[in-house]
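Here's a quick briefing on salt bridges. Have the structure open while you go through the pairs below.

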Amino acid sequence: MRDRGLFWSPVPDWASARIERAGLVVRPASAPAALHLASGDLAAIATAFRLEGTLGPRDPIPDGDYALRLAPDRCLVVSGAATAGAAGAAAGLHLSEVTDGYLLIDVTGKAARDLLAQGTSYDFSDATVRPAESANLLIGRLRVAVARTGEGFRLHVERPTATALWTWLDEVSALGVGAERHSSRA
């Protein structure tokens, strides 16, 4: 019987994975202590986790904890405290701890917007904040929760599709963002 594993892209060593091109750096972000999918009233979720509100793809993420809107009654809470879920549970919200189920990838540099724009029709150049906009976007046909950072964007991707997204970022950046190729996929 054939080894079907040979048909899949190898999973990068996330601890050392890095893509560098002219004006672009892509690397896994530091892992937060906890990620939770929270369902319920978004204002109640923000209150329970002591956040100013929930964020969409045009909102810059703050230093520290934040929550990305995924649907009208669902968000992804990224927290530096592993016990943050207790506050949400006490407030009667529905929580699922998903820390190991997501990978966060930072895409930074002057070419970050151009790279992401190659995989979606979403207009990253429009910074108009839309209070109900979902952070979930399709990039390279993969569902990714997107947030702005000071230097670019943070992608929140479910681990089963993280390798596919990484491969897409690597291949597309090699074709259209810069001529220099310095990728470590280990």
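**Salt bridges at a glance**

Arg 143 and Glu 158 join their side chains in a salt bridge, with N to O at 2.7 Å (a salt bridge being a side-chain nitrogen of Lys or Arg within 4 Å of a carboxyl oxygen of Asp or Glu). Arg 143 sits in strand S9 (residues 142-148) and Glu 158 in strand S10 (residues 152-158), so this pair ties together parts 15 residues apart in sequence. By the salt-bridge rule, the count comes to nine.

This is a predicted model, where local features need pLDDT of at least 70 and side-chain atom pairs count only at pLDDT 80 or more, while totals for chains, interfaces and linings use all residues. Numbering runs from 1 along each chain as its sequence is written, and side-chain values use heavy atoms, with hydrogens and water left out.

- Asp 126 pairs up with Arg 58 in a salt bridge, their closest N and O atoms 3.7 Å apart.
- That pair links distant parts of the chain, 68 residues apart: Asp 126 is in the loop between helix H3 (112-117) and strand S8 (136-139), and Arg 58 in the loop between helix H1 (42-48) and strand S4 (66-71). (Helices are DSSP runs of H or I, at least four residues, and strands are runs of E, at least two, numbered from the N terminus.)
- Arg 58 and Asp 126 also belong to a salt-bridge network with Arg 130 and Glu 133.

**Burial**
- Arg 58 counts as buried, at 8% relative accessibility (buried is under 20% relative accessible area, exposed over 50%, partly exposed in between, with a 1.4 Å probe and protein chains only).
- Arg 143 is partly exposed at 46%, and Glu 158 is partly exposed at 30%.
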